[in-house]
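Here is a short note to read beside the model. Take the points in order and find each element as you go.

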Amino acid sequence: MLNKIVRSNEFVIFVILVALSLVIGWVNPAFYSVATLFDIIRASIVYFIMAYGLLPIIIAGGIDISFVAIAAMSSYTVHMFLISRGYQGGILLYYVLACALGAFAGLLNGVLVTRFKLPVFDVSLAAFTMWYGFTLFFIGATANFDLPKGTVGYYARFLITSQDPNVGTTGLHESFLYVVVLGVFIWWLLKYTTLGRGVFAMGGNREVAIRTGFNVNRIQLVLFLIMGTFSAIAGVTQGFLSRYFNPVLFISQPLDVLAAIILGGAAITGGSGSVIGTTLGVLLIQLINRALILTGIQVEWQRLVLGIILILFTAIPSLRTLRAKRHGRAVQS
Amino acid sequence: MRRALSILSILVILSLLVSCAQQPATQAPPPQTEAPAATEAPPAEQPAATEAPAATEAPAEEELVFATVVKSIAFNWFKRLEEGVLKFGEDYKVKAFMDGPSQVDSAAQVAIIENLIAQGVDAICNVPYGVPENEPAQKKAMDAGIIVVGHEAATAKEGTLHYDVEAFDNCAYGEEMMKELASRMGESGKYIQFVGSLTNASHNEWQDCAKAYAEKNYPNLEFIGKYESKEDQEVAYNTMKDILKTHPDIKGVLGSAAGDVVGAGRAIEEAGLQDQIAVVGTSIPSYAGELLKTGAVDLAMAWDPATAGYACNVVAYKVLKGEQIVDGMDLGVPGYEAIKLVIGPNGVPVIYGAAWIKMDANNMDDYPF
């Protein structure tokens with residue numbers, strides 16, 4: 001049992017995460033504080049949510065990049081609509097409306113993929129461009145800073161707070177609860193439902209999955225529905241955390257999320273991946289991004305260093321997989 | 001087979017990761033000296049409204065006609081520029097109007113210029129989307145006896161513009177930012193810079209000149225680093241938080257992209273350090289307004305497209321009337337009282353104003369954009 005844990009991808013990522021934290025803390029002791037932990041979690045919240053929504057699609061053997069565009073479209077559209085109607089209420093209506101829009105956009109992807117037998121990536125590429133275009137052209141192209149009265153101060157609603165001598169009060173933001181709930185949901189879905197087993201079967205071998213009796217079209221529709229809904233939640237959450245709504249929200253971030261999922265042990269060809277691995281992958285990407293500032297590496301070097309770190313870090317689990325194969329061991333999925 | 005596949009997939013992953021580290025520059029299209037990108041907001045419902053008022057009415061014999069052509073009429077930025085153009089028309093008693101494609105497109109812009117040549121306007125002030133693509137049309141207009149003045153086109157080739165008008169010299173703007181920051185820092189302490197990206201030419205020119213100016217004039221200022229905000233406030237916010245941890249004694253922040261000072265200002269405000277840290281940078285009230293009021297952002301600097309549009313037409317007017325444009329002359333437009341005349345990199349004479357505007361909590365309401 002212990003042996004199995006030590007051999008798992010998740011464990012390797014976890015060790016790397018700890019090692020990197022030790023190095024950063026060694027260079028800059030200010031890193032070791034509860035505030036740092038809360039800051040990193042806060043910056044990761046939306047990436048967790050988007051990654052959880054995307055993970056089942058990756059496991060089922062598809063690659064999608066349109067989730068960021070759906071997040072931007074649903075959050076910005078709902079915001080501009082409510083603001084134009086003079087809405088001054090709370091945050092709940094935002095989530096309800098945005099989830100509906102996001103689910104619709106996700107389903108549209110799903111219908112195109114299942115009905116017309118199009119590759120997931122091709123459809124997502126088109127949807128990525130289309131939704132950003134739609135938002136910019138029909139809804140608006142400027143960032144909007146007017147928030148309804150009922151939502152002012154949301155960015156500082158903390159579950160627990162912590163005083164840091166340098167950055168003041170930070171805390172574990174309320175929206176971390178969404179991350180927990182959504183993460184557990186995806187974990188349960190993948191592990192304990194027929195649908196979840198079907199997702200792994202599809203990613204392993206689609207033909208076999210069909211012959212086994214899985215309704216792959218229905219599974220895919222559900223996955224895209226989930227992806228669209230989660231993206232919408234992430235978009236609205238980001239809007240309130242950063243106190244403005246942006247029509248090109250996350251436009252340069254789809255690869256960060258994909259990279260996190262893949263770092264977390266999901267195969268880009270499908271068939272494997274886990275919620276825990278994805279969580280660690282998101283944290284690792286965040287930590288690498290921030291490590292460079294915390295350790296004071298010159299910004300001109302940042303990209304080079306980031307690239308090298310990423311190559312090294314991806315190579316380690318991959319090398320282990322290759323070696324395991326050479327030794328004829330079954331690869332843990 | 002599987003092995004080949006897994007090796008292939010690793011390669012794909014690596015290339016994905018490396019390319020993700022390179023941060024695609026997808027966000028803001030506008031070229032070099034463009035304002036804070038997001039100010040150019042197309043409210044999509046108002047496309048061709050202003051299009052071609054002159055297309056139908058033939059200009060009266062005695063009345064001079066000044067056309068201003070912009071990248072696209074669907075941007076708030078150019079809506080503001082149009083105000084300057086119309087004001088010029090009133091002040092100088094000429095027919096002045098603005099025109100441009102409903103979407104940024106050099107070909108459509110060239111077609112509009114050709115149309116204006118055919119109509120025989122007296123002067124064209126052109127704000128080209130693509131400088132090289134507009135050059136042949138500008139030359140054609142000049143050959144037809146039309147005065148052509150450019151804006152945001154300092155790199156145009158010799159003989160394709162009579163003059164080019166720029167709100168300011170990038171280097172002078174950077175130095176001005178530094179002066180404002182240094183005076184708020186008591187001329188000593190650590191400061192950092194934000195740029196939208198390390199490849200954005202104007203952002204880096206501002207900040208490099210600011211740094212050089214500080215090294216020469218403020219020996220007690222200590223430069224810590226130039227950080228990329230990736231044109232994203234959230235990145236600026238997170239970066240600022242980490243900088244506060246790494247350099248708790250930071251005293252000043254310079255921003256370049258419109259969101260830089262907003263992100264940094266939020267982190268500073270949450271840390272309760274708005275009185276200890278000076279924040280100065282390019283931004284506009286619709287972005288930084290709330291933080292300007294609380295003092296988390298001390299000063300937002302920008303330039304006003306309305307005065308640029310006005311000045312561009314004034315230059316055209318003076319050239320048309322045979323007046324000599326000389327270094328140091330006063331165009332009679334705020335910010336263009338003592339212009340600097342230099343030859344641009346490709347041979348076009350370039351007129352620089354000092355037309356930056358400074359906005360703080362007291363005067364921000366005068367600049368509703």
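1. Start with one pair of residues. B:His151 has B:Val165 of E5(B) as its bridge partner. Strands, like helices, are DSSP runs numbered from the N terminus: at least two residues (E) for a strand, at least four (H or I) for a helix. Two strands pair if DSSP finds at least two bridges between them. Strand E4 (residues 147-151) and strand E5 (residues 163-166) of chain B pair in the parallel sense, over 3 bridges.

2. A word on the source. This is a predicted model, where local features need pLDDT of at least 70 and side-chain atom pairs count only at pLDDT 80 or more, while totals for chains, interfaces and linings use all residues. Residues are numbered from 1 along each chain as its sequence is written, with chains lettered from A and ligands numbered from 1 in the order in which they are written.

3. Now the whole sheet. It is open, has 7 strands and runs E2-E1-E3-E4-E5-E12-E11 in chain B, with mixed pairing. Strand E2 (95-99) and strand E11 (340-343) of chain B are the edge strands, each pairing on one side only. From one strand to the next, the twist averages 20°. Angles run from 0 to 180 degrees between N-to-C directions, and axes are lines fitted to C-alpha atoms, for helices over the stretch in contact.

4. Which strands does helix H2 (residues 76-92) of chain B touch? H2(B) packs on the sheet against strand E1 (65-69) and E2 of chain B, and its direction makes about 165° with that of E2(B). Contact means that C-beta atoms, placed from the backbone, lie within 7 Å. Helix H3 (residues 106-119) of chain B also packs on the sheet. H3(B) touches E1, E2 and strand E3 (123-126) of chain B, at about 175° to the direction of E1(B).

5. Check the length of H2(B). Its 17 residues should span 24 Å at 1.5 Å a residue, and its end C-alpha atoms are 25 Å apart, which agrees. The expected span is 1.5 Å times one less than the number of residues. Just after H2(B), B:Lys93 takes a positive phi of about 55°.

6. Is helix H8 (residues 260-270) of chain B largely enclosed or open? 10 of its 11 residues are buried, so H8(B) is largely enclosed by the rest of the structure. Buried means 20 or more other C-beta atoms within 10 Å of a residue's own (12 or fewer is exposed, in between is partly exposed), with C-beta atoms placed from the backbone. Among the buried residues are B:Val261 and B:Ile268.

Conventions
Contact = placed C-beta atoms within 7 Å.
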